[in-house]
Amino acid sequence: MTTNALLLPKYLDYIVKKNFKVLISLDGDERGSSYRAYHDGSPAFKQVVEAALLVKNKYPVFFESNINFNAVLHDRNSVEDLYTFFETKFGKRPRIGEINTSGIDPAQTDEFKQMFKSKRASLFDGDRCSEIEEKLDFESPTFSSAFNYLFMKSPYMYMDYNELLFGRKNNRKEFPTGTCLPFSKKTFITVSGKILPCERISHKYYVGTLDERGVDINFEHVSETYNTYYEKVARTCSRCYDRDSCLCCLFHTGLLGNSSTVCRHFMNEEDDKRYLACQYDFFKRHPELYAEIMNNAEYY
Amino acid sequence: MDENNENFRWLYISPDVYVHESAGGQLLLYHTVSGKHMVTSDPELTQIAGEVYEPKNLGVIECRLHDHTSIDFKKAVQEGFIKTLPYKDRKLKPINFLPILNLQNDFSRYENPDDIAHLGRNVCRFLTELNIYLSYENKRTNTEKRDFRNKVSRQILLPEYKNSRLHLHLPDIENVLLQATHSGIKRINLISGNNFFNPINHDHFVKLLANFDFEYHIHAYLDDFYEILAACSGLNVTYDLYTDKFSSNGKIIDLSSPCFAGKHCHFHHLITSKEDFKCYPNFLHMNGQNESIDLIPILTGDNINFFEEHVFISMQDLLDNTVSMHAIFRNQKLNSNFFGILNIYPDKTVSTHGSPCILGNIKNSSLPELVYNELKTNTSWRKTRDLTGCKNCHFCFLCPPISKYEIVSGVYNMCAVSNKTHSK
């Protein structure tokens, strides 16, 4: 369950009883969370933190195992701020995401650009870059990039037992991008009853609905829609140097809304070289993380 | 260390080299491309391997070659196990991604076996082959033949002799095949005794199988071939036909006979001794062009010497076949003889291939449930050599995985690779 935590105290006992995994949206300290406000504009920060602390105090074991935080990076916080806040306040490592770049109103592009902050740039801006990079693990953009690199390129990394049994295919990807097939990994249902492939994509890409009459999913339509999406991105992907190993989500490429948009993950030859250099730079700075990734890391 | 010293080199172990250190400190270096290997107790080489594999060194260390004078070190360099690069500047240290296996969704690491449940029905992608035992063999026969063939049935895909007319019914088979369409299954082996084809409607059987796009193999004794052929007419199927010392009945079996013409037939002959090996051409006739016979050794319980001489893996066998890094990794995590294969018996019970343990029943359990049971309990799919007496052997993961012979006999190291004794 993903929530802003405001109703968490009311339903807490039920949620604990049913062993929900809960993801609380909070963007760090009071300033960092200041974009999260009630309809009247007043900040929700205090109530969210109180709700999270209530869980921590009332159900410490549940808090430890079932509560996670999702923070959005923007111009009022940073990777270092977020890491420090959640570590100090809750003893947790947050999931950190950039602002979704799809569906931006052209009239508000400038405002969006001002708010947007890149995770990688924010990490390197901080004084404790190297320390946080290691501690954030997958939530560090450099760590996850290095993991993705090994995940797709290392001959010693196997997706599952079948790949180990039959051998790795030259090209593991059947479709462009690294988008999860709907319902293959998770399903997200919004408060208005829209069914989405995950919580990280725009609600306009819903694949079904849920209401008092039940679940309505037209699988044929979902299949056709996805084929249309793939057709839209396929041309760009075919020119990308990272096409065989890119794991980006097509809903975050920006290509679905406007065909003239350039995919944020597109790589030309130079980009590809830079990407490779970044991975080598990461392992030179953190040599011990190669063994750590190969011995322990799991893609999720 | 003086960085300008020209004697310095970057030293690394080739990523094609599999390194295994035994509890006693002995080191195996095996080159997965050239097939060369060396076993050493040289402290210098052992120390270097340890340092190279230290995570902080990322596969490369700096060294002065003339500090390393041992014979084994020089040999390791000459044979390509250890390599060096010119040293210019410490800041320009190369990196070497060592062969460390990362298996995603590695069930052996799950603290709670029930966590496998997150795979949902998708778990059936691991199911790649079915062995369906259609019926038992219940022909009256002498005890010697019956006992021998029952031993055979525990080692290869042939039916058990039983005083039972039990057989799978067509709706049972249809139910299984329907579920199999949602799995990774490509090949289905049908193991037939003599009492399957009499009671069933042949047309219905053929139509049922033809409805599904699987690769069918029928495994049976050659004795039963004519009955099976009459029942399977028009079906696209491969016949795996087996003969043994009881098959000929004093007559010559002509494998070039027109009755086999135009059919996909594979012939197999079961042997238990050198004598069997010498004798089989006396009663199996081939014209030498279109037919070939696989010879399959069978353990009888008193022919271990024959196995030691002709079946056990020798050091030479290992060295003759280069083992890839992929095969070594595979042997560390799963048993490729058994993984992905389920056996379904005439009484509807189910086991994994390679295990006598019953996982469930096709009447009460779906294929995904049966696969779950196996992934949780590991009766055979993930039975690797490190779970046996082979675990202390350097060649544990270079050897082929545990075989049916070993399961049947309880002897888990049918090899002459190391000087270990057979262990139960």
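## Basis of the model

Residues are numbered from 1 along each chain as its sequence is written, while chains are lettered from A and ligands numbered from 1 in the order in which they are written. Because the model is predicted, local features need pLDDT of at least 70 and side-chain atom pairs count only at pLDDT 80 or more, whereas totals for chains, interfaces and linings use all residues; side-chain values use heavy atoms, with hydrogens and water left out.

## Where the chains meet

In this model, 33 residues of chain B are in contact with 30 residues of chain A, contact meaning heavy atoms within 4.5 Å. The area buried between chain B and chain A is about 2900 Å², and carbon and sulfur atoms give 61% of that area; buried area is the accessible area (1.4 Å probe) that two parts lose on being put together, summed over both. Of the area that chain B buries against chain A, Phe97(B), Asn102(B) and Gln104(B) supply 25%, more than any other three residues.

Between chain B and chain A there are 19 residue pairs in polar contact, both at pLDDT 80 or more, a polar contact being a pair of N or O atoms within 3.5 Å, where within protein one must be able to donate a hydrogen and the other to accept it, and residues adjacent in sequence count only if both atoms are side-chain atoms. Helix 10 of chain B gives the most to the side of chain B that touches chain A, with five residues; helices (H or I, at least four residues) are DSSP runs, numbered from the N terminus.

## Salt bridges

The structure holds 34 salt bridges over all chains, each a side-chain nitrogen of Lys or Arg within 4 Å of a carboxyl oxygen of Asp or Glu. One salt bridge is counted between chain B and chain A, and Arg125(B) forms a salt bridge with Asp160(A), with the closest N and O atoms 3.1 Å apart.

Within chain A, Lys119(A) forms a salt bridge with Glu139(A), the closest N and O atoms being 3.5 Å apart. Lys119(A) lies in helix 6 (residues 119-125) and Glu139(A) in the loop between helix 7 (129-136) and helix 8 (141-153) of chain A, so this pair ties together parts that are 20 residues apart in sequence.

## Residue classes at the interface

The side of chain B that touches chain A has 17 nonpolar, seven polar and nine charged residues, where Ala, Val, Leu, Ile, Met, Phe, Trp, Tyr, Cys and Pro count as nonpolar, Asp, Glu, Lys and Arg as charged, and the others, Gly among them, as polar.

Methods: Helices (H or I, at least four residues) and strands (E, at least two) are DSSP runs, numbered from the N terminus.
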